[in-house]
Amino acid sequence: MKASGVPRQPAVDALMKIIIPGGSGLVGTRLSQSLAGDGHEVVVLSRSPRQSGAVRSVYWDGSNLDTWVEELERADVVINLAGRSVNCRYNARNRREIMGSRIDSTRVLAQAISGLVNPPATWLHASTATIYAHRYDAPNDERSGILGGSEPGVPETWRFSIDVAQAWERELEAAETPHTRKVAMRTAMVMSPDQGSVFDVLLGLVRRGLGGKVGDGRQFISWLHHEDFARAVRWLIEHDDVSGPVNLASPSPLPQAEFMRVLREAWGAPVGLPATQWMLEIGTFFLRTESELILKSRRVVPGRLLDAGFTFSHPTWSEAARDLCDEWRRLRSAS
């Protein structure tokens, strides 16, 4: 049965039912626990469901309608984080899985939402800051930013990342959900102290005396503290006049050499050995990942958030790095 009316918009302080497909990863786990801590009913859709405190977990395969659709009826918000990790080599099989996991999950969510009597008011959808061009000259915001894919002299694998990001957003835009507002969250690297996170990997380099300049060190790193990611998600839910692409990134991206220098200072490491580009290529080959994750210049700023008056708890990397280092230490000492 099709949706018959415009769903209710929850008040800012109202408790909501929030569905998070693909919410079992590091970022999703942080977000789901944060939202559940506010008192919201949070349900994670996962291929490997497991109960985690107040967060319920329900099975889905990311491509077929099933009993999980019942969770969407009368839900207030869907936050789709589903998609295979890009931290891998871009061989043919991994490319199929990276692209397919994003397109299939978006398509089946659209199918499910379009068939609900009481669909969610808001659909927040994961996208990536990687959609923007590799550049040094100016920051990319939503209004004047340049989408990537046609930069001269960059590796072919970088084009694949752009193709994935653009296909992901096209699928969201094509979804026929007239009673559900859609937002594409173009998210920078979310920094959290959890084991296996981006921050944990970078800090691991620093702790081993590495973590210096990579290549020429000019490439910009766009980042976002995990607390500000959760705050931005809340803000997007509350502001029902916002739709379309929104950059979720701190307002202060830094060149990689400066970014790592600040992290070394926050940890108290006196030096960090540099790595040439060819050294990085060898290292990422043996680590089964891609050098694009380090070498591409992602100079992304949150234009729409700043224009609307959103304030960041951790706007600068120097303060955020100190906070994350302290949190990293607390987590390890408690375990």
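This is a predicted model: local features need pLDDT of at least 70, side-chain atom pairs count only at pLDDT 80 or more; totals for chains, interfaces and linings use all residues.
Residues are numbered from 1 along each chain as its sequence is written, and side-chain values use heavy atoms, with hydrogens and water left out.

Start with the strands. Helices (H or I, at least four residues) and strands (E, at least two) are DSSP runs, numbered from the N terminus. Two strands pair if DSSP finds at least two bridges between them. Seven strands make up an open sheet with parallel pairing, in the order β3-β2-β1-β4-β5-β6-β10. The edges are β3 (56-59) and β10 (244-248); each has a single partner strand, so one side of each is left without a neighbour in the sheet. On average, neighbouring strands of this sheet are turned by 25 degrees against each other, direction ignored. Arg 186 stands opposite Asn 247 in β10.

Next comes the core. A nonpolar core is a set of buried Ala, Val, Leu, Ile, Met, Phe, Trp, Tyr and Cys residues joined through side-chain atoms within 4.5 Å. Buried means under 20% relative accessible area, exposed over 50%, and partly exposed in between (1.4 Å probe, protein chains only). The largest nonpolar core has 32 residues, and those with the most contacts inside it include Ile 20, Met 185 and Leu 248. Helix α6 (226-238) is one of the elements that supply at least two residues each; its seven residues are the largest share. Met 185 touches, among others, Ile 79, Leu 124, Leu 236 and Leu 248.

Aromatic rings come next. Rings of Phe, Tyr and Trp (its six-membered ring) pair if their centres lie within 6.5 Å; planes under 30 degrees apart count as stacked, over 60 as edge-to-face and the rest as tilted. There are eight aromatic pairs in the structure. Trp 235 and Phe 310 form an edge-to-face pair, 6.2 Å centre to centre with 80 degrees between the planes. Trp 235 lies in helix α6 and Phe 310 in the loop between α10 (303-307) and α11 (317-334), 75 residues apart. Both are buried. For Phe 259 and Trp 317, the ring centres are 4.2 Å apart and the planes at 10 degrees, so this pair is stacked. Ring pairs link Phe 199, Trp 223, Phe 259 and Trp 317 into a cluster.

Finally, consider Arg 74, in the loop between α2 (69-72) and β4. Arg 74 is exposed, with a relative accessible area of 53%. Its phi is near 70 degrees, a positive value in a residue other than glycine. Most residues other than glycine have a negative phi.

Notes:
Axes are lines fitted to C-alpha atoms, for helices over the stretch in contact, and angles run from 0 to 180 degrees between N-to-C directions. Contact means heavy atoms within 4.5 Å. Lists of a residue's contacts leave out its neighbours within four places in sequence.
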